[in-house]
Amino acid sequence: MASSIIRTTNLSSLPSIPALSSTSSSPFSSIHLRSHHHGAVSLCTAEKFRVSCSISDSSPLPSHSHRRRPDYIPNRISDPNYIRIFDTTLRDGEQSPGATLTSKEKLDIASQLANLEVDIIEAGFPAASKDDFEAVKTIAETVGNTVDENGYVPVICGLSRCNKKDIETAWEAVKYAKRPRIHTFIATSDIHLKYKLKKSKDEVIEIARNMVAFARSLGCEDVEFSPEDAGRSEREYLYEILGEVIKAGATTLNIPDTVGITLPSEFGQLIADIKANTPGIQNVIISTHCQNDLGLSTANTLSGAHSGARQVEVTINGIGERAGNASLEEVVMAIKCRGDHVLGGLFTGIDTRHIVMTSKMVEEYTGMQTQPHKAIVGANAFAHESGIHQDGMLKHKGTYEIMSPEEIGLERSNEAGIVLGKLSGRHALKDRLNELGYVLDDGQLSNLFWRFKAVAEQKKRVTDADLIALVSDEVFQPEAVWKLLDMQITCGTLGLSTSTVKLADSDGKEHVACSVGTGPVDAAYKAVDLIVKEPATLLEYSMNAVTEGIDAIATTRVLIRGDNNYSSTNAVTGESVERTFSGTGAGMDIVVSSVKAYVGALNKMLGFKEYSSTLRKIPSDANKVPA
C-alpha cells in the first residue's frame, strides 16, 4: 500500500538567542570554562589549576604550579625550559579545505585562544584580502590589548611574503596590539628555488635580509622569519640565510617542515644542527612548524623542542593544509605529562582547562568534525569499552588513563549524579552545563531551557551529548541574516516530496515559499533557495545521531559554495581560492536539523558577502590594503 507522511513543525513558539549585530558582543563573551578543584568552582584564578599526569598508580608527575610564565622579550626567554605556544589556527588552520571563517568567528576564536593563554596568535594573512586585513586588525585592537590580572596579553602576529607591500600591510594590521609581530617567509629548498621562485640562492638571501630589515624599519621590534621547506633545504645554505636575517634584525627563526617529510630523529637533528652552526643563533628564539603529511607532526614538534626549539607552531585540532599541522592539545598535554621525565623539564603557560571548549568552538565554526579517536579531544579519548579496561578503571583510574578529563575541561558524566529529564528545572540544567564547561547568562539559559524541555518531553533522559548539541545549535551559529520560523513537509511514496518553509529576514519580515524535490531535504532546501535568492552549490552533507536510540538528537553539517565567486588568496601560493561555507544544525527532527544547517551556511556566506561589499566602499589608501 502506498504511504504518505505529513510533518508540521512550529519553531516560532520557542525563543531563540537574538541575532548579533556587527557591534554586539560575542556569543562567547559570557561563556567561560569552569574548573573543578576539590569541589570548588572558579572562573579564573591567579594560581593556575594544574593536575599532574601520572605514569603509575603511585607516582604522579610533579606539577608546574610553581613555575610562572616568563616576561615576554621577543628574542629571548629568561627560563630556558619555557616553551612558547604559537597558535596558527586562524591562518594556517583556515587554509584547510572548507574551513572558512567569518571575521566575527575569527574574533571569537582569538578571544578563546587568549582564555587558553597561548603566547602568540597568528591572526591571519593581512595582504590576502581586505576582509583578512580587517579581521587581523580587529583582533589586534581588541584581544591584543586585553591584559589579565597577571599581566598576560598575547602577541598578535600577521603573516607576509617577503615583499614590501605584504610587510607594510601586515604591520598596518598588527601594530595596534600591545605586542605586535610580523612573520615573513621565503622558500629555500632547491626545488622551490628552481620551479617556484626561479631565483638563485644569493638572490633569495638578499631578499630575505632586506625584507627583515624593512620590517624592523617600520617600527616592529618582533620579526619572525621562516625559510619555507626548510626540511628539504641544504643545511649550509640554511645556516647562511638564517645568519643573515639574524643580523638584519629577526627575533624568531621558524624552521618549517612544510611538506611533512621528516622523521622525528631527522627533524630533531635539524634543529640541533641549526642551533650549533648558525652565527648569532644565541640572540634569537628557534621555532618549529611541522605539517602532518606522514602523521608525525606532533612527534616532530616534540623532537624539535627537545633539541632546543623554544617556540612551537600548532593549531587547534591539528587543522591545516593537506593533512594538517601539529595539534596544540597533543603537544601541550605531551609536554605537561612528560616534560619533566623525558623532555628535560619543559613546560608551557597554557591553561589546559580551556582545551575542550576551544576545540569545540573551532570544530563548530570551521565545520571540520573531529574524529572520535582523536587524541585528547576525540569523543572516545576517555571512553573505555573493553571489559578488562573497565575493570581496571573501576579499581583505579590510573590503570588506563595517563591524564584526567578534568584537566582539559571535561567532566565525567557518570560521576556527576544528575540525571536530566522532563521534570528537571533550570537549576539542574545550569549546574550540569557548568560541569560540562558552559557558563551561560540568564538570557541564553532561558532560551536553551525551552529547547531542553522540548527534547525532554520526547526523551526519557537527556544526556550530556544532547546538551552539548543544543548549546552548539544555540550559541555556535553565525550572525543571522535569515532565521527559520516554521516548515511543513509532505513526503512518502505518493509522488514528489513537497515543502513549505517560512523564514524571517534580519528586519523580522516573514517570507514563505513552497517547492517540490526528490526527498524532504531537497524540497526544503529548494524552498529556502526561493526565499534567499542567493545561488549556492551543496558540496557536502552529513548527519549523525548524538546518542543511540530512535529518539536521538540529530546533528547535521553542510558545506556550500556560492555560485557568485566568493574567493580569497592562499597565503603561500598567492592564488585565488574559492571560499566555501559550513553550517550546523541540531534537532529531534532530521529535516529541521538539515534546514537549520543549510540556513546557517547561507547566513555565513551572506555575511561574508555583506562584509566584503562594505570593505569595497572603503578607499584602498585608507588602510593601505591592496585591492
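A crossing of two helices is left-handed if the near helix is turned anticlockwise from the far one by less than a right angle, and right-handed if clockwise. By this convention, the crossing of helices α3 and α5 is right-handed. The structure discussed here is a predicted model.

**The α3/α5 pair**

Two packed helices are described by the angle between their axes and the distance between the axes. For α3 and α5, the packing angle is about 30° and the axes lie 10 Å apart. Because angles under 35 degrees count as roughly parallel, α3 is roughly parallel to α5. On the α3 side the contact is made by Lys 164, Ile 167 and Glu 168, and on the α5 side by Met 211, Phe 214 and Ala 215.

**The barrel**

A closed barrel is formed by 8 strands in the order β4-β5-β6-β7-β8-β9-β10-β11, and the pairing is parallel. From one strand to the next, the twist averages 25°. Helix α5, residues 201-217, packs on this sheet and touches β7 (180-187) and β8 (223-228). The direction of α5 makes about 170° with that of β7.

**Strand β6 and its neighbours**

How far is strand β6 enclosed by the rest of the structure? Of its 7 residues (155-161), 6 are buried, so the strand is largely enclosed. On one side, 4 bridges join β6 to strand β5 (residues 120-124), and the two run parallel. Gly 124 has Gly 158 of β6 as its bridge partner. The chain passes from β5 to β6 through helix α2 (residues 130-141), in a right-handed β-α-β crossover.

Strand β6 also pairs with β7, in the parallel sense and over 6 bridges. Gly 158 takes part here as well, with Ile 182 of β7 as its bridge partner. Helix α3 (residues 164-174) forms a right-handed β-α-β unit together with β6 and β7.

**The antiparallel sheet**

A separate description applies to an open sheet of 3 strands, which has the order β15-β16-β19 and antiparallel pairing. Its edge strands are β15 (536-545) and β19 (580-587), each of which pairs on one side only. The twist in this sheet averages 15° from one strand to the next. Strand β15 is joined to β16 (residues 554-562) by 9 bridges, and the two run antiparallel. One of the residue pairs is Ala 545 with Ala 554, the latter in β16.

| Strand pair | Sense | Bridges |
|---|---|---|
| β5 and β6 | parallel | 4 bridges |
| β6 and β7 | parallel | 6 bridges |
| β15 and β16 | antiparallel | 9 bridges |

**Asp 466**

Asp 466 is placed in helix α14, which spans residues 464-475. Is this residue buried or exposed? Its relative accessible area is 0%, so Asp 466 is buried. Leaving aside neighbours within four places in sequence, Asp 466 is in contact with Lys 459, Arg 461, Val 546, Thr 547 and Ile 553.

Key
Residues are numbered from 1 along each chain as its sequence is written. This is a predicted model: local features need pLDDT of at least 70, side-chain atom pairs count only at pLDDT 80 or more; totals for chains, interfaces and linings use all residues. Side-chain values use heavy atoms; hydrogens and water are left out. Two strands pair if DSSP finds at least two bridges between them. Axes are lines fitted to C-alpha atoms, for helices over the stretch in contact, and angles run from 0 to 180 degrees between N-to-C directions. Contact means heavy atoms within 4.5 Å. Buried means under 20% relative accessible area, exposed over 50%, partly exposed in between (1.4 Å probe, protein chains only). A crossover is right-handed if, with the strands pointing away from the viewer, the path from the first strand over the helix to the second runs clockwise. Angles under 35 degrees count as roughly parallel, over 145 as roughly antiparallel, 65 to 115 as roughly perpendicular and the rest as oblique.
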